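Colleague: I am new to this structure. Could you walk me through how to read it, one feature at a time?

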Amino acid sequence: MPLHWTQDFLGRGVESAPLGRGRRGELGTLIRFDPAEDSSDVEEHRSADPEEGSLLYVHGWSDYFFNLELAHFAAARGFRFYALDLPEHGRSLEGGELPGFVGSAEHYLESLGAAVAAVHADSGARPVLMGHSTGGLAAALYAQRSGDQLA
């Protein structure tokens, strides 16, 4: 099912879309960065030997995606940049939820699977998966179990 992208609060060039519901509830929110729509100097810093593909970033515990410098860095190297706000975090936090509460990093595997599939469908490329802190643990678990879905 195609995602419904809307302008994100981070500004021009950034859109977000809810991933929908899974077995355990909301799957999270996918964010994408389009440097062509951004007024930054990404092109000025473009690498002479750019990569081709997509990058999916997963934040840590008690966090969400807001690091546009990371999006600019990836885009300047030729990656299509995406980030995932995990369930119970940031854009994905619903009323009545305890922010950041999770019993196990495995809780995020369904969300990562949905995000990886959405990035692949949107960009045409299997993503490189990058995570910070708890997002890194969840990314490693996902890569261990579903590495064939990743670049």
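Colleague: Let me begin with the aromatic pairs. How many does the count come to?

Modeller: The count comes to four aromatic pairs. Keep in mind that this is a predicted model.

Colleague: How is a pair of aromatic rings described?

Modeller: By two things: the distance of the centres and the angle of the planes. Take Tyr-57 and Phe-65. Their ring centres are 6.2 Å apart and their planes meet at 65°. Planes over 60 degrees apart count as edge-to-face, so this pair is edge-to-face.

Colleague: Are Tyr-57 and Phe-65 buried or exposed?

Modeller: Tyr-57 and Phe-65 are both buried.

Colleague: Which pair do Phe-65 and Phe-81 form, by angle and distance?

Modeller: A tilted one, with 45° between the planes and 5.4 Å from centre to centre. This pair links distant parts of the chain, 16 residues apart. Phe-65 sits in the loop between β6 (53-58) and α1 (68-76), and Phe-81 belongs to strand β7 (residues 79-85). Phe-65 and Phe-81 are both buried.

Colleague: Which residues do ring pairs link into a cluster?

Modeller: Phe-9, Tyr-64 and Phe-66.

Colleague: Now the secondary structure. What does the protein chain contain?

Modeller: Three helices and eight strands. Read their order along the sequence next. The pattern is β-β-β-β-β-β-α-β-α-β-α.

Colleague: What follows α1?

Modeller: Gly-78 follows α1, and its phi is positive, near 95°.

Colleague: Which residues other than glycine have a positive phi?

Modeller: Glu-88 is one of them, with phi near 65°. Ser-133 is another, with phi near 55°. Now place them. Glu-88 lies in the loop between β7 and α2. Ser-133 lies in the loop between β8 and α3 (134-146).

Colleague: Is Glu-88 buried or exposed?

Modeller: Compare its relative accessibility with the cut-off. Buried means under 20%. Glu-88 has 12%, so Glu-88 counts as buried.

Colleague: Where is Pro-87, and what does Pro-87 touch?

Modeller: Pro-87 is in the loop between β7 and α2. Its relative accessible area is 2%, so Pro-87 is buried. To read its surroundings, leave out residues up to four places away in sequence. Pro-87 then touches Glu-26, Leu-27, Gly-28, Ser-92, His-107, Tyr-108 and Ser-111.

Colleague: How many residues separate Pro-87 and Phe-66 in sequence, and what is the C-alpha to C-alpha distance?

Modeller: They are 21 residues apart in sequence and 16 Å apart in space.

Colleague: What about Ala-121?

Modeller: Ala-121 is in helix α2. Its relative accessible area is 67%, so Ala-121 is exposed too.

Colleague: Now the whole chain. Why does its radius of gyration agree with a compact globule?

Modeller: With 151 residues, a compact globule would have a radius near 15 Å, and the protein chain has 15 Å, so the two agree. The C-alpha atoms fill a box of roughly 45 × 35 × 30 Å along the principal axes.

Colleague: What share of the residues is buried?

Modeller: Buried residues make up 43% of the 151. For the surface, the protein chain exposes about 8000 Å², and carbon and sulfur atoms supply 51% of that.

Definitions and conventions:
Residues are numbered from 1 along each chain as its sequence is written. This is a predicted model: local features need pLDDT of at least 70, side-chain atom pairs count only at pLDDT 80 or more; totals for chains, interfaces and linings use all residues. Side-chain values use heavy atoms; hydrogens and water are left out. Helices (H or I, at least four residues) and strands (E, at least two) are DSSP runs, numbered from the N terminus. The radius of gyration is taken over C-alpha atoms; the globule rule is 2.2 Å times the number of residues to the power 0.38. Buried means under 20% relative accessible area, exposed over 50%, partly exposed in between (1.4 Å probe, protein chains only). Accessible areas come from the Shrake-Rupley method with a 1.4 Å probe; for residues, only the protein chains shown count as cover. Rings of Phe, Tyr and Trp (its six-membered ring) pair if their centres lie within 6.5 Å; planes under 30 degrees apart count as stacked, over 60 as edge-to-face and the rest as tilted. Contact means heavy atoms within 4.5 Å.
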